[in-house]
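Please examine the sequence and the model before reading on.

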Amino acid sequence: MEAITNVSVRIVQRYLPSAFMLAVMLTAIVFALGMGITRQSPIEMVTYWGDGFSRLFTFGMQMTLVLLTGYVLALTPVVQTALSGLTRRAGSPRQAILLTIVVSFVCYYLNWGFGMVAGAILAREMGHRVKGIHFPLLVAAAYGGELVRGPSSSIPLVIATPGHFMEDAIGIVPVSQTLYSGWNIALTLLLLALLLAFFARQKQPEHIITLQMTDQTASEPAESPATHDGTPSDRIEHSRLPTLFLGAMAILYLIAQATTNGLNIDLNTVIIFFLALGLLLHRSPKAYLGAAEKGVRAASGIIVQFPLYAGIAGMMTGSGLVMYFSEAVISLATPATFPILTFLCAGIVNFFIPSGGGQWAIQGPIMMEAAAAIGADPAQTIMAFTWGDGWTNQIQPFWALPLLGVAGLSARDIMGYLIIWLVISGLAIGGMFAALALLG
């Protein structure tokens, strides 16, 4: 396995293009498939692309703010002290990798947006403090847990909510049969064990890339201490009152929302929570904005590339390619094999439409209607789709962009490890659904 992983790493580092170029290549591939398979004209494909281009503007801004507010929070003195205490528990590169995996996996399970930033920040701090660690390997280990499907998984939550758009066809499927079923919890624990085992076996390469080699801010001069010229504007800039006021407002809003509507963790909640903590823990507006300037640099990939993937999704949907792939899978399925094929189909489509909610709205009704027609278990079908949606995120730079932005790496630095992890995790997930089919 180690030899195979080393070969994968070398091939990826040599041939994988940048994340931006991969988005451009996927655009060209979908453009050609739409004309070749579903017989769309070039003008029609261009129209689908243009209509879809702006559909992720809101989501792209949310992801930018998740990254920015999380990055700023990580630079507060309190968080830096806490991270330092955590990293001191790792006395070797292997211990650093294992600790990073466990912490990031738990955070991803609770909320993928929180896990993305927490895993990246912890990996970065480990890279600073643990000597002799190969930083790309550490970042890949932090990202490996992104495929876990936990309480914030949108698809099982939607299907369990009265009044959802497919209720007439499949009814209400409670989370006790999906997210919190015994087999799904067992699968989650199995993936954590496999993730730990896989990365624990990886040896540090001969040429170790450290964080200092990739950190763009490492060579920047330290910010000089603030000087107060006594003017009112200067005193406000260095006062704690403005950040305390705004941070308190954000906290009170979250408390009010939780009291009125219950605790509902979504991207907006994560953003406001990170914003509030960052404001409360930085010493002044000047300090907060100084940290934000560094975070903006890390978010550049999201800003540029998310609209490209929205255009790809527009072409996939408008041209009928999603239905074509789904119907091809359905034609091969039996009640026993349908969940496995649903998992594979969702994984393939996810590579082109990296948005779980959007993919479910397009592909979900087709798969659930087919499941009902052939007698497949609806709860297993829902979770197969959910796991497939997360599975190929491992080799889709779209979801790795926030983590790569914080880490200062490119997709090719970590993708060699993640390709092998994709195969291992795919066999585990597919094997679980095969076992469920055998058990009836």
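The model is predicted, and local features need pLDDT of at least 70, side-chain atom pairs count only at pLDDT 80 or more, and totals for chains, interfaces and linings use all residues. Residues are numbered from 1 along each chain as its sequence is written, and side-chain values use heavy atoms, with hydrogens and water left out.

Helices are DSSP runs (H or I, at least four residues), numbered from the N terminus. Axes are lines fitted to C-alpha atoms, for helices over the stretch in contact, and angles run from 0 to 180 degrees between N-to-C directions.

| Helix pair | Axes come within | Crossing angle |
|---|---|---|
| α3 (residues 42-53) and α17 (residues 300-318) | 7 Å | roughly 130 degrees |
| α17 and α22 (residues 397-407) | 10 Å | roughly 170 degrees |

The angle of roughly 170 degrees makes α17 roughly antiparallel to α22 (angles over 145 degrees count as such). In their contact (heavy atoms within 4.5 Å), G301, I302, Q305, F306 and Y309 of α17 meet P397, F398, L401 and P402 of α22. This contact has seven nonpolar, two polar and no charged residues; Ala, Val, Leu, Ile, Met, Phe, Trp, Tyr, Cys and Pro count as nonpolar, Asp, Glu, Lys and Arg as charged, and the others, Gly among them, as polar.

On α3, M45, Y48, W49, G52 and F53 meet residues of α17 including P307, L308 and M315. The residues of this contact divide into nine nonpolar, four polar and no charged.

Helix α23 (residues 411-439) has 29 residues. The residue that follows α23 is G440, with a positive phi near 80 degrees.

Note on methods: Helices (H or I, at least four residues) and strands (E, at least two) are DSSP runs, numbered from the N terminus. The expected span of a helix is 1.5 Å times one less than its number of residues. Angles under 35 degrees count as roughly parallel, over 145 as roughly antiparallel, 65 to 115 as roughly perpendicular and the rest as oblique.
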